[in-house]
Amino acid sequence: MSEPLSLVWLRRDLRLHDNAAVYHALKSGRPVIPVFIFDRTILDDLDDRQDRRVEFLLQEVNRLQDELAKMGSTLLVRYGKPIDVWKELISQYSIADVFTNHDYEVYAKERDKTIGKLLAEQDIGFHTSKDQVIFERDEVLTGKKTPYTVFTPYSRNWKEKLTSFYLKSYPTENYFNHFWKTSPEKALTLQSMDFKPVGESFPARTASDTLLDHYNQTRDFPALPHGTSQLGMHLRFGTISIRDLARQAKAAEDTTFLNELCWRDFYFQVLDHFPHVEKHSFRREYDEINWRNNEDEFGKWCEGKTGYPIVDAGMRQLNTIGWMHNRVRMITASFLCKHLLIDWRWGEAYFAKKLRDYDLSANNGGWQWAAGSGTDAAPYFRVFNPALQAKKFDPKGEYIRQWVPEVDRPNYPKPIVEHTTARQRAIDTYRKALRKG
Ligand code: FAD
């Protein structure tokens, strides 16, 4: 086939509506084919071959395939390492330009550099856009033109900048007739990638109509089934547009919900500007902490058998449905780092394996916050008391009983550590490390 094409490479932006890269590709003046790659570099590392994220991705890829088929076009779906897939695509198609959206993770930036170089060698344009966040990179900086390292002043500046200009949708629909006309390709299966279905349904793509009326009052109570949006997974894979969501929150004047979206942007820019956070403490002196790293205690934390009901409820919720309420993420993470003195990276990796809305930037930010090593470090001597947290945020014990039905029975385990002793041990250990650092 000789007609030069534009390819649009979808990654964390699985939608045709309001997508910056899709828009720019469709306006390029050439027929457009979207491509999605199931990246083996990532998939081969997943030990558990029943993975909600992979299943969700396949479901969404098939949905896009159906949408494109209705327009007489197709999505090219490939399974392999991006470099190999791109070499093959270059040999198969006459490609003039490739369009894609920015990705801020270290692995992704390196991948895009490699693919950009390969394309440049073939004289193929590589055009990248902001799409995943509202403000990226250097768009929200301090007065000294440096990245923010504390959330509150960042969020003030972010909110001041949040005009309707930044929330405008890309009207891709106007150009859908520019998709290349061809018959749809055969779909991939989970089995062909060596995965098995989990067989669950996933959260709805839209929040309930009333969410923004009550979010600021319900968001901290894990027993409420619709107290938060449950949109994390859709934001993670771009099956909804962040601009659409922020526009709704702004119109509803829901500053609490907007604030959460601002945290999301904040952690993306932290990862982008300070890539060392992926492996190290944001504040380097916290890498001096002498973690106990007791494997038996870590196992009990993972299984939800610590004898602290709110911690156990959270871990069992995570293990069962691949999601945990934000308040409980904070409690379980703090418990691991402070009460058990286990390296936050162990907990971070466990969440990364299990969370259906796993996102490196937010997960890393949340864990470093809990460990006190991150941007918005709470003072190290402030240690969450799980019992008080439970009393405040699950006052009737409904959430706990949902996930730990045996909580009042004799077979429920005794607490793995005593709160006051563990608290003091954490403070002493942190103090020692920070004196050294
Ligand atoms: P809602 O309360 O409805 O919020 C709407 C959206 O705002 C979320 O979907 C998310 O995209 C964003 N958001 C909300 N809170 C935060 C936050 N604190 N930081 C960044 N973005 C936020 N969030 C993830 O998306 N992926 C993760 O892997 C992740 N890991 C976490 C680990 C720890 C230890 C902690 C304390 C928090 C983590 N969070 C993570 C943040 C937060 O817990 C989840 O975004 C939220 O619970 C998802 O549920 P929801 O979609 O109902 O959120």
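Which residues come nearest to the ligand? In this predicted model, where local features need pLDDT of at least 70, side-chain atom pairs count only at pLDDT 80 or more, while totals for chains, interfaces and linings use all residues. Residues are numbered from 1 along each chain as its sequence is written. The shell around the ligand holds 27 residues, and T228, S229, G232, N363 and G366 are the ones that come nearest; a residue is near a molecule if its C-beta atom, placed from the backbone, lies within 6 Å of it.

At least two residues each come from α9 (232-237), α11 (255-273), α14 (326-339) and α16 (360-371), with helices being DSSP runs (H or I, at least four residues) numbered from the N terminus. The largest share, six residues, belongs to α16. By residue kind, the shell has 13 nonpolar, eight polar and six charged members. Here Ala, Val, Leu, Ile, Met, Phe, Trp, Tyr, Cys and Pro count as nonpolar, Asp, Glu, Lys and Arg as charged, and the others, Gly among them, as polar.

The axes of α11 and α16 come within 8 Å and cross at roughly 90°, which makes α11 roughly perpendicular (65 to 115 degrees) to α16. Axes are lines fitted to C-alpha atoms, for helices over the stretch in contact, and angles run from 0 to 180 degrees between N-to-C directions. On the α11 side, R264, Y267, F268, V270 and L271 meet L360, S361, A362, N364 and G365 of α16. This contact comprises six nonpolar residues, three polar and one charged.

The wider layout can be followed through the domains. An assignment, automatic or from a database, divides the chain into domain 1 (1-131), domain 2 (133-169 + 207-273) and domain 3 (278-432). Domain 2 and domain 3 each give at least three residues to the shell around the ligand. The centres of domain 1 and domain 3, taken over C-alpha atoms, are separated by 37 Å. Six residues of domain 1 are in contact with seven of domain 3, contact meaning C-beta atoms, placed from the backbone, within 7 Å. On the domain 1 side, two of these residues are nonpolar, none polar and four charged.

A further helix pair is formed by α4 (residues 82-92) and α5 (residues 106-121), which pack at an angle of about 20° with axes 10 Å apart. That makes α4 roughly parallel (under 35 degrees) to α5. P82, I83 and W86 of α4 make the contact with R111, T114, I115 and L118 of α5.

Definitions and conventions
Contact = placed C-beta atoms within 7 Å. Parallel < 35°, antiparallel > 145°, perpendicular 65-115°, else oblique.
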